[in-house]
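Okay, thanks everyone, let's get going.

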Amino acid sequence: MSEIKEACGVVGMYDPDGENVAPALYYGLTALQHRGQEACGMAVSRTDKERGNVCFHKNLGLVSEVLTEEVVERMDGNIGLGHVRYSTTGASVAENAQPLVLSYIKGTLALAHNGNLINTPELKWELIQNGAIFHTTTDSEVIAFHIARERVHSASVEEAVYKTALKIKGGFALVIMSPRKLIGVRDPYGLKPLCLGKRDNAYVLASESCALAAMGAEFVRDILPGEVVTITGEEVQSKMLPVAESRAHCIFEYIYFARLDSTMDGVRVYDARIRAGRMLAKSHPVEADLVTGVPESGLPAAQGYGLESGISFALAFYKNSYIGRTFIKPTQKERESAVRMKLSVLESAVRDKRIVLVDDSIVRGTTIANLIRMLKEAGAKEVHVRISSPPFLYPCYFGTDVPSNSQLIAANHSEEAICEMIGADSLGYLRREDLSEMADGLSLCKACFDGAYPMDYSGV
């Protein structure tokens, strides 16, 4: 039950045979709902009609709330894109929902963006000096405006996108729709994921492979870090941005963000989380009767811990899946009530047991403390906490909502102090040196743990 949230999920589809892509985009967005629950939207167009014929709908809320059956039935297009949002840049208001749709010299442009730029102020100031008027507070609008401006001096929309991608810095995965083309862009470090799929003659772009499966598409490949792909009809063209010094895939995709059934850059997410649990059992063993995880994010690592240690794995919590979204509670007592609404303890499973409780992270420490208290109130003799990530010590600037150092419990307290504060009998984190093995040897961005950022973030 991590308190860390991700930026967004994106999906796009182009069917040259003319089939309506709106239903498939709906399924893809639903599969990506875990990447953002604040807002969502979809835009579709017909490539055989006049420029500017775009139908779109977006608002605050979950996919099922915003893109109702009536809304999706009204949408008809053989090219389109969609977005689910959690705000890291810009307030959570309807104006900041995506995709962004704007009219420009060549008709219309629609854009969906996952990630966060670190040079937004200078890019925005450049546009303001030239008379741009902004309708949102997102860096995504800055990207869209730069593409529109570059298009005036470019032979094609993909050239304008490429020129814009050379300017922007940070972590980003973009899906862009022009009247007759679908374009995908991934940042040169590979911080944000993006993959390519195919269903019959139609091509699909998505943040995760689980969305491809939901849309009935087969996984073709990951978009390479720094790659710009342009889909025109049945053809996919590729052009590379200047290569970064090294790749820096976000480690938290494998720890928490990505869905269990996704594969990213050749690494199966489920396998990575099992490996994390196994390594925790090796580095932080303890005598116990039962291993359990915090639903849902801690369960795979808990299974791995049990497999490696030989301690039986079992569920200790029941998660209520039908309560819907809850708002941030203003008082500690109300926050505790919100946790109890979502999770209840299976008393017969934990009474008189020494328990290893596995979760993916500790941010502020309030959630895990509540869960430990609930377990002990239900009769657990001991609760030993194991975390399948290292301690959070530094904020993220590339699209992950890691708070400032002042709010990170590990940045201000020792492990011994944290253990006492949360009421655990012992505490162990995954070692930083184990992260690469967890992600099967990928080059990683793990700056939130070690402060080694892949690019200069000064001025953010």
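Predicted model: local features only at pLDDT ≥ 70, side-chain atom pairs only at ≥ 80, totals over all residues.

The protein has 460 residues, and 57% of them are buried. By element count, we have 17 helices and 23 strands. If you take the contacts with a separation of 6 or more, 69% of them come from residues 24 or more positions apart.

Okay, the sheet. In what order do the 7 strands of the open sheet run? Going across, you read β3-β2-β4-β1-β10-β9-β11, and the pairing is antiparallel. The edges are β3, residues 54-60, and β11, residues 218-222; each has a single partner strand, so one side of each has no neighbour in the sheet. On average, neighbouring strands here are turned by 15° against each other, ignoring direction.

Strand β2, residues 39-45, runs antiparallel to β3, and 7 bridges join the two.

Next, the hairpin. β12 covers residues 227-232 and β13 covers 235-240, and they pair antiparallel over 6 bridges. Thr232 has Glu235 in β13 as its bridge partner. There are 2 residues between the strands, and Gly233 in this hairpin has a positive phi near 65°.

While we're in β12, have a look at Ile231, which lies in that strand. Is Ile231 buried or exposed? Its relative accessibility is 0%, so Ile231 counts as buried. Leaving out residues up to four places away in sequence, Ile231 touches Tyr14, Arg180, Lys181, Leu182, Leu196, Tyr203, Leu205 and Val236. Of those, take Tyr14: 217 residues away from Ile231 in sequence, but 7.4 Å from it in space, C-alpha to C-alpha.

Now the helix pair. α9, residues 269-283, packs on α10, residues 299-309, at an angle of about 50°, and the axes are 6 Å apart. That angle is why we call α9 oblique to α10. The crossing is right-handed. On the α9 side, the contact includes Tyr270, Arg273, Ile274 and Gly277, and on the α10 side, Pro300, Ala301, Gln303 and Gly304 are among the residues they meet. By type, the residues of this contact split into 8 nonpolar, 4 polar and 4 charged.

As a reminder, most peptide bonds are trans, and most residues other than glycine have a negative phi.

Gln98 and Pro99 are joined by a cis peptide bond, with omega about 10°; Pro99 is in the loop between β4 and β5. There's also a cis bond from Pro295 to Glu296, with omega near -10°, and Glu296 is in the loop between β17 and α10.

For phi, look at two aspartates. Asp265 is in the loop between β15 and β16, and has a positive phi of about 50°. Asp440 is in the loop between α16 and β23, with a positive phi of about 60°. Which of them is buried, and which is exposed? Asp265 has a relative accessible area of 19%, so it's buried, whereas Asp440, at 53%, counts as exposed.

That's my tour, so over to you for comments.

Key:
Residues numbered from 1 in each chain as written. Heavy atoms only, no water. Axes fitted to C-alpha atoms, helices over the stretch in contact; angles between N-to-C directions. Helix = DSSP H or I, 4+ residues; strand = E, 2+ residues; numbered from the N terminus. Parallel < 35°, antiparallel > 145°, perpendicular 65-115°, else oblique. Left-handed = near helix turned anticlockwise from the far one by under 90°. Contact = heavy atoms within 4.5 Å. Nonpolar A, V, L, I, M, F, W, Y, C, P; charged D, E, K, R; others polar. Pairing = 2+ DSSP bridges. Buried < 20%, exposed > 50% of the residue type's maximum accessible area, 1.4 Å probe, protein only.
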